[in-house]
Amino acid sequence: MSNLCGIFGCIIREGEAVKLITDGLKRLEYRGYDSTGVAVIDNNQMDIRKDKGRIEEVVRNLRILEMSGKIGLGHTRWATHGAPALENAHPHTDGSESIALIHNGVIENYMELKDELIEKGHVFKSRTDTEVIPHLIEEEMKSDIGIQGSMLRVLRRLRGSYALVVLSTHEPDKMYVARNESPLVLGVSDNGTFCASDVPALLPYTNQVVYLRNGEMAVLDIDGYRLIKISDGSEIERPTTEITWSPEMAEKQGYKHYMLKEIFEQPTSLRDGLRLQENYLNLLTQFLDRGKEVFLVAAGTSFHSCLAGSYLFSKLARLTTFPVVSSEFMERYGSTVGIDSIVLTVSQSGETYDTLKAIDHARMRASTVLGITNTVGSTLTRVSRAYLIQQSGPEIGVAATKTFTSQVLVLAQMALRLAKNRGKLSQDELDELDDKLHYVPDWVEESLKNNDERIQKLAHDHMDKKFFVFLGRGISSATALEGRLKQLEITYVPSLAYPAGESKHGPISIIEEGVTCIFVCPRGETHSHIIGSIMEMKSRGARIISICEEGDDDIKRLSDEVVEMPRGIPEELSPIIYITPLQLFAYHLAILKGLDPDKPRNLAKSVTVP
Ligand code: G6P
């Protein structure tokens, strides 16, 4: 599962639980959906109904609204492990079917737990990581420690992320919930107690909520909740807080626009992006290693990810790749692509027309097509030989933001894995990069937190500028191109983006007093060259904004304004962090101009036409 499944549970005095559950799930639909499931208990009988498909469909087909009971839970799934299918839909149960469990997140060590359970005779029905949890609870319950004691033991064994809700006929008036890294919020009202993955689902019933924190579980009953620390079983006191958001604001988690919400969601989506499935990561890199040549095919933002990816593959794994925009693939490589070629396609939606056309052609010529996408079940996942899910969850803002950072993170992990398999980096270098890869979400978080206000002011100072130039060298030329694309998409201000070294072959002719040049300058091999490029522009009167490392005095001295990034980011990983101020800059500029960044003119989220 990814961290964007929808979860809703309730224990109520008046009404039917399923009515609230289905309403709650609909309010979480923006989190993604490919299957739906509900469980209620009535007269100590558990009734579970689930199937793949959208909420309305499943509710209608399985006559979910006819289910009776005052306690229940529901789940909408956004698949990342196991295809959208009935058996993979939640809730999952234990062997005796007395425990129903829904989960949002990824259990990293589920394979070893599953093997252990199979040895003990447990039989599994799905291909999900989730199903091990009810079976583990069932196993622990054999030692007569009740659900709470069993859950504590199980939770201490799980590695990865989860928000989970457990319903059981053993204690038919209680619900157990727990959280690590995936969101879960509780709600209380006169009518009962609720839990959901997100506030919008609770708002029709209550504005009194409690956010569960990492490492906590809670026991819910009709009168409220009890919070427990998972590590030592101690009780925690936390009163409710009042939510003052309107339902619409709540859907955006209090952010004004989806784009801003998605920008700030990046630390979370990146943490999820570090939990790729090992076997697929290995499989894809093995294919890359075997190809005679590797094409990286994508459109829009996904193409910029490929561009960054091409530097990563060459620098880390010594693999030459050919990044190409999907619409040019056939003209450029259509007659050379063949049985020995690998075509790695990257597409958030998995449905972009030009990208699918390129794949059709490559498959016709017997090439191996691999995919990176955000959408399980998309055409790309059906036609590629193997694929990886970028794990960023549904993106609603038309201007892709978390897509870029997640895709580059996936490509970086592929490049690193390939480097390891090929023996192209020393163990020390590998360890160091791997370490740094795990810092990336924190760096992004720090950069967003420290720079938002500063960038808002920068945008204000530059809001009347008629023209911008974005420059970077090496892998940062991909960052510059992507930063410029954000700005084009939502502010409509003309701009140029170039590899900085190439700027003297043309773009420099337009530089005159006051033209704003934005430089992307991480520390690393390109640093001294970018200084030269800044000087070229500065001496012609350009106003320089630099994105550079904190304390980089060489760059600061030459720049009119700087946005500082955390120290220690390796140049190879810099696009993932250095793009974030540019995303914010575009966003704030659009707002200052009175434009709606979520609905840019002439653009669509998914371009499924020629
Ligand atoms: C459209 C969207 C872009 C996106 C591009 C490729 O142009 O507006 O945000 O980057 O399509 O989409 P894909 O789904 O293939 O990544």
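**View 1. Surroundings of Thr 516 in the predicted model.** In this predicted model, Thr 516 touches His 462, Lys 465, Phe 467, Phe 468, Val 469, Arg 543 and Ile 545, when residues up to four places away in sequence are left out of the count. Thr 516 belongs to strand β23, which covers residues 516-521, and this threonine counts as buried because its relative accessibility is 0%. Two of the residues that Thr 516 touches, His 462 and Lys 465, also meet it through polar side-chain contacts: the side chains of Thr 516 and His 462 are joined by a polar contact of 3.2 Å, and a polar contact of 3.1 Å links the side chain of Thr 516 with that of Lys 465.

**View 2. The shell of residues around the ligand.**

**View 3. Polar atoms facing the oxygen atoms of the ligand.** A polar atom in the side chain of Ser 347 lies 2.5 Å from an oxygen atom of the ligand, while for Ser 302 the distance between a polar side-chain atom and a ligand oxygen is 2.6 Å. At Val 398 the polar atom belongs to the backbone, and it is 3.1 Å from an oxygen atom of the ligand. The ligand taken alone exposes 380 Å², and the protein buries 91% of that area.

**View 4. Cysteines without a disulfide partner.** A disulfide is a covalent bond between the sulfur atoms of two cysteines, and with sulfur atoms required to lie within 2.5 Å of each other, the count for this model comes to zero. Cys 10 takes part in no disulfide, and the nearest cysteine sulfur, that of Cys 195, is 8.3 Å away. Cys 10 counts as buried because its relative accessibility is 0%. For Cys 521, the closest cysteine sulfur is that of Cys 548, and because the two sulfur atoms are 6.0 Å apart, they are too far from each other for a bond. Cys 521 has a relative accessible area of 1% and is therefore buried, the cut-off for this class being under 20%.

Technical notes. Residues numbered from 1 in each chain as written. Predicted model: local features only at pLDDT ≥ 70, side-chain atom pairs only at ≥ 80, totals over all residues. Heavy atoms only, no water. Polar contact = N/O pair within 3.5 Å; in protein donor to acceptor, adjacent residues only side chain to side chain. Areas by Shrake-Rupley, 256 points an atom, 1.4 Å probe, with all protein chains shown as cover. Helix = DSSP H or I, 4+ residues; strand = E, 2+ residues; numbered from the N terminus. Buried < 20%, exposed > 50% of the residue type's maximum accessible area, 1.4 Å probe, protein only. Contact = heavy atoms within 4.5 Å.
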